[in-house]
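Welcome! Take a moment to turn the model around on your screen, and then let us walk through a few of its inner spaces and contacts together.

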Amino acid sequence: MNIPTPFVSKAMDIEKDWIDYNGHLNMAYYNVIFDRGTDEAFEMMGIGLDYVKQRRLTIYTAEIHVCYVQELHLDHKVTVSMQVLDHDEKRLRTYQEIRHVDGWLAATSETLSLHVDMSGPKVAPFPADVLASIEAVRAAHSALPTPERAGRSIGIRRKTA
């Protein structure tokens with residue numbers, strides 16, 4: 001498997017119905033874009049739609065943290081990059097960025113995903129072949145720097161007197 005470091009999706013258009021009354025991309029659709037980019041990366045890793053259909057195993061999102069950096073508008077084209085930060089036998093932690101095709105950062109997302117057996121549904125270990133694929137991607141991505149926005153928490157910073 002040729003492992004891109006990081007994975008970068010094909011370019012995507014912003015759809016007209018995604019623009020809100022403020023004239024920019026509605027916050028919910030950033031997640032749609034992240035999801036579409038992640039789907040491409042998951043296909044490359046062997047955990048895409050065919051995996052779901054053939055093995056009845058899938059990925060569920062358990063937690064997500066989005067940072068909105070710069071507005072997107074209808075005429076923009078974007079890509080999604082994805083970096084595998086960590087994993088264990090049942091979970092996958094990834095970091096994504098939406099970038100305008102000109103290179104500027106629009107949003108970031110950090111996600112904790114669960115591997116799920118759809119017969120339950122219940123959280124289940126990755127099969128050995130899939131775990132090996134995830135480990136290969138993580139090893140390749142470990143050469144990348146840890147993203148500055150990864151591991152952030154939400155809070156209000158207070159000035160001390």
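The largest cavity is lined by His 65, Cys 67, Tyr 95, Thr 108, Ser 109, Glu 110, Arg 149, Gly 151 and Arg 152. Two elements, E3 and E6, each give two or more residues to this lining, and the largest share, 3 residues, belongs to E6. Sorted by class, the lining of the largest cavity has 2 nonpolar, 4 polar and 3 charged residues. Its volume is about 40 Å³, and the count of cavities of 30 Å³ or more comes to 1. Please keep in mind that this is a predicted model.

Next comes an open space. The largest pocket has a volume of about 310 Å³. Its lining has 20 residues, and the closest to the pocket centre are Asp 35, Thr 38, Asp 39, Phe 42 and Thr 61. Which elements supply at least two residues each to the lining of the largest pocket? They are helix H1 (27-45), helix H2 (49-55), strand E3 (57-68), strand E5 (91-100) and strand E6 (105-117). H1 provides the largest share, with 7 residues. By class, the pocket lining has 7 nonpolar, 10 polar and 3 charged residues.

Now for the aromatic rings. The structure holds 2 aromatic pairs. In one of them, Trp 18 and Tyr 29 are stacked, with 5.3 Å from centre to centre and 10 degrees between the planes. This pair links distant parts of the chain, 11 residues apart: Trp 18 sits in the loop between strand E2 (12-13) and H1, and Tyr 29 in helix H1. Tyr 30 and Tyr 68 form an edge-to-face pair, because their ring planes lie at 80 degrees, with the centres 5.0 Å apart. Here too distant parts of the chain are linked, with Tyr 30 in helix H1 and Tyr 68 in strand E3, 38 residues apart.

| Residue | Relative accessible area | State |
|---|---|---|
| Trp 18 | 6% | buried |
| Tyr 29 | 27% | partly exposed |
| Tyr 30 | 4% | buried |
| Tyr 68 | 40% | partly exposed |

Finally, look for Val 130 in helix H3 (residues 128-141). Is Val 130 buried or exposed? With a relative accessible area of 3%, Val 130 is buried. Leaving aside residues up to four places away in sequence, Val 130 touches Gly 46, Ile 47, Tyr 51 and Arg 55. Val 130 and Glu 43 are 87 residues apart in sequence, while their C-alpha atoms are 11 Å apart in space.

Terms used: Residues are numbered from 1 along each chain as its sequence is written. This is a predicted model: local features need pLDDT of at least 70, side-chain atom pairs count only at pLDDT 80 or more; totals for chains, interfaces and linings use all residues. Side-chain values use heavy atoms; hydrogens and water are left out. On a 1 Å grid over the protein atoms alone, a cavity is a set of points where a 1.4 Å probe fits but cannot get out, and a pocket is an open set with protein on both sides within 12 Å along at least five of seven lines; lining residues have an atom within 4 Å of a point. Grid points are joined across faces, edges and corners, and a volume is the space filled by probe spheres set on the points. Helices (H or I, at least four residues) and strands (E, at least two) are DSSP runs, numbered from the N terminus. Ala, Val, Leu, Ile, Met, Phe, Trp, Tyr, Cys and Pro count as nonpolar, Asp, Glu, Lys and Arg as charged, and the others, Gly among them, as polar. Buried means under 20% relative accessible area, exposed over 50%, partly exposed in between (1.4 Å probe, protein chains only). Contact means heavy atoms within 4.5 Å. Rings of Phe, Tyr and Trp (its six-membered ring) pair if their centres lie within 6.5 Å; planes under 30 degrees apart count as stacked, over 60 as edge-to-face and the rest as tilted.
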